[in-house]
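Here is a short report on one protein chain.

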Amino acid sequence: SPHVLCTWGLKSYGSSFLGFGVSSYSTLSPAQHRPLTMAYSALWPTINAFMVQHPVFMTGAANGLRYTLCDGLVQKAEQTSEGKPFAMDWQRNAILTTFGISWNVCIGHYWFMHLLPRLFPNFTRRPLVPSIFDTVIFQNLTYYPMFYGVQEVVRDAAAGWPRSAGELLWDAHGYQRENLIGDTAAMAGVWIPLNCLNFRFVPPHWRMTSMAGCGALWALTLSALRGKGAEGTGEPGQ
């Protein structure tokens, strides 16, 4: 089945990378590489079992790392293009990382692992319609409201909480409404093809971690599109 083939591929790729895959960068002989390959083969059952036993933890860890590193790369590129020395904006980075962990642990894991399979029982065989539903409808009801909400909460906290909860939520809703078309188009362009591949070929217990890895492209996109709005400049709500 595709899931078995994908699991075999992950194992084979990892073994190759740690073994003979590094031979082009070193002078080690195949015999010297063999212990690395054997060590990886011995570790694989443990790694796979950990993924099965702790899926929520791995979801949070993988996605937190993804947003932290990708936003740092985008900030570096932005400042380099502007001719500025690199200085990490930790508030912006904290917003994206906090959001990435929160959404994927609280909503994303249960959506992709439990709710989506119930709504679309054949989503692993026919992934296109579920992928479109996810990116166009579900994410606009959950992902972006949480993103803009977290952004406004962090900005408000940095400014001494000048807004009421109602004002904060209204401002977050206003940002989402203003960016609705651009946000939806960006997410659909990245995630519809990635979801189709993920749903079709990746085993369930690797699904969220695989999405975190493939989703590095999306984290870069989100940071480039909306990261500026999370920077520690300007007044909250502006």
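Asn-63 is buried, with a relative accessible area of 1%. Buried means under 20% relative accessible area, exposed over 50%, and partly exposed in between (1.4 Å probe, protein chains only). Asn-63 sits in helix α3, residues 55-81. Helices are DSSP runs (H or I, at least four residues) and strands likewise (E, at least two), numbered from the N terminus.

The model is predicted: local features need pLDDT of at least 70, side-chain atom pairs count only at pLDDT 80 or more, and totals for chains, interfaces and linings use all residues. Residues are numbered from 1 along each chain as its sequence is written, and side-chain values use heavy atoms, with hydrogens and water left out.

Leaving aside residues up to four places away in sequence, Asn-63 touches Gly-100, Asn-104, Met-208 and Ala-212. Contact means heavy atoms within 4.5 Å.

| Helix | Residues in the contact |
|---|---|
| α6 (residues 143-158) | Tyr-144, Pro-145, Tyr-148, Gly-149, Glu-152, Val-153, Arg-155, Asp-156 |
| α7 (residues 165-178) | Leu-168, Asp-171, Ala-172, Tyr-175, Gln-176 |

The whole protein chain has 10 helices and 0 strands. Of its 238 residues, 42% count as buried.

Methods
Axes are lines fitted to C-alpha atoms, for helices over the stretch in contact, and angles run from 0 to 180 degrees between N-to-C directions.
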